[in-house]
Amino acid sequence: MDFERRSIVNGALLKRQSGQPVSIHLFVERAEKDGRSFTGKSTDGLPIQVMLSEPLSSLLHGWVEVIGMAGSNDSVRCKEIITYQGTEGEEDFDVNGHNMLCTFLANCRDIYRMG
């Protein structure tokens with residue numbers, strides 16, 4: 001797992017992060033046939049296009065965390081995907097809590113700064 005600095009965002013906040021490293025949770029909706037991209041719904045209900053550097057080796061479903069670079073037009077160039085086993089439906093993930101976390105972090109830019 002990569003521990004480089006990145007912003008935790010939802011769909012609305014992704015627009016402010018173009019060209020920056022991000023982490024976004026998406027509910028997988030549709031994968032392209034070539035396996036090099038998929039579309040997911042963000043925790044605030046926006047469609048996000050994810051571009052992969054390599055084709056998917058298995059079918060994605062449910063909630064995933066996408067770590068990568070925010071692009072323009074509601075997209076992410078994926079560096080890593082974290083899947084959550086056993087999460088089949090939207091009710092399994094606290095979208096309201098996650099959106100509150102995203103808003104809190106966006107408003108507290110130096111939350112991890114010591115001293």
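Mentor: A residue counts as buried when its relative accessible area is under 20%, and as exposed when that area is over 50%. Please bear in mind that this is a predicted model.

Trainee: By that cut-off, is F27 buried or exposed?

Mentor: The relative accessibility of F27 is 15%. The limit for burial is under 20%. F27 therefore counts as buried.

Trainee: With which residue does F27 form an edge-to-face aromatic pair?

Mentor: The structure holds 2 aromatic pairs. In the edge-to-face one that involves F27, the centres are 5.5 Å apart and the planes make an angle of 70 degrees; planes over 60 degrees apart count as edge-to-face. This pair links distant parts of the chain, from strand β2 to strand β5, 36 residues apart. The partner of F27 is W63.

Trainee: Which residues form one aromatic cluster with W63?

Mentor: W63 itself is buried, with a relative accessible area of 1%. The cluster contains W63 together with F27 and F93.

Trainee: Which element supplies the largest share of the largest nonpolar core?

Mentor: That core has 18 residues, of which L14, I24, L26, F38 and V66 touch the most other members. At least two residues each come from α1 (11-14), β2 (21-31), β4 (47-51), β5 (63-70) and β6 (75-83). The largest share, 4 residues, comes from β2.

Trainee: Why do the buried residues of α2 lie on the same side of the helix?

Mentor: The residues concerned are H98, N99, C102 and L105. An α-helix has 3.6 residues a turn, so residues three or four places apart point the same way.

Trainee: Which elements do the buried residues of α2 pack against?

Mentor: Helix α2 (residues 95-107) reaches 18 Å from its first C-alpha to its last, close to the 18 Å expected. The buried residues of α2 pack against β1 (7-9), α1 and β2.

Trainee: What percentage of the residues in the protein is buried?

Mentor: The protein exposes about 7,200 Å², and carbon and sulfur atoms supply 51% of that area. Among its 115 residues, the buried ones make up 39%.

Key: Residues are numbered from 1 along each chain as its sequence is written. This is a predicted model: local features need pLDDT of at least 70, side-chain atom pairs count only at pLDDT 80 or more; totals for chains, interfaces and linings use all residues. Side-chain values use heavy atoms; hydrogens and water are left out. A nonpolar core is a set of buried Ala, Val, Leu, Ile, Met, Phe, Trp, Tyr and Cys residues joined through side-chain atoms within 4.5 Å. Buried means under 20% relative accessible area, exposed over 50%, partly exposed in between (1.4 Å probe, protein chains only). Accessible areas come from the Shrake-Rupley method with a 1.4 Å probe; for residues, only the protein chains shown count as cover. The expected span of a helix is 1.5 Å times one less than its number of residues. Contact means heavy atoms within 4.5 Å. Rings of Phe, Tyr and Trp (its six-membered ring) pair if their centres lie within 6.5 Å; planes under 30 degrees apart count as stacked, over 60 as edge-to-face and the rest as tilted.
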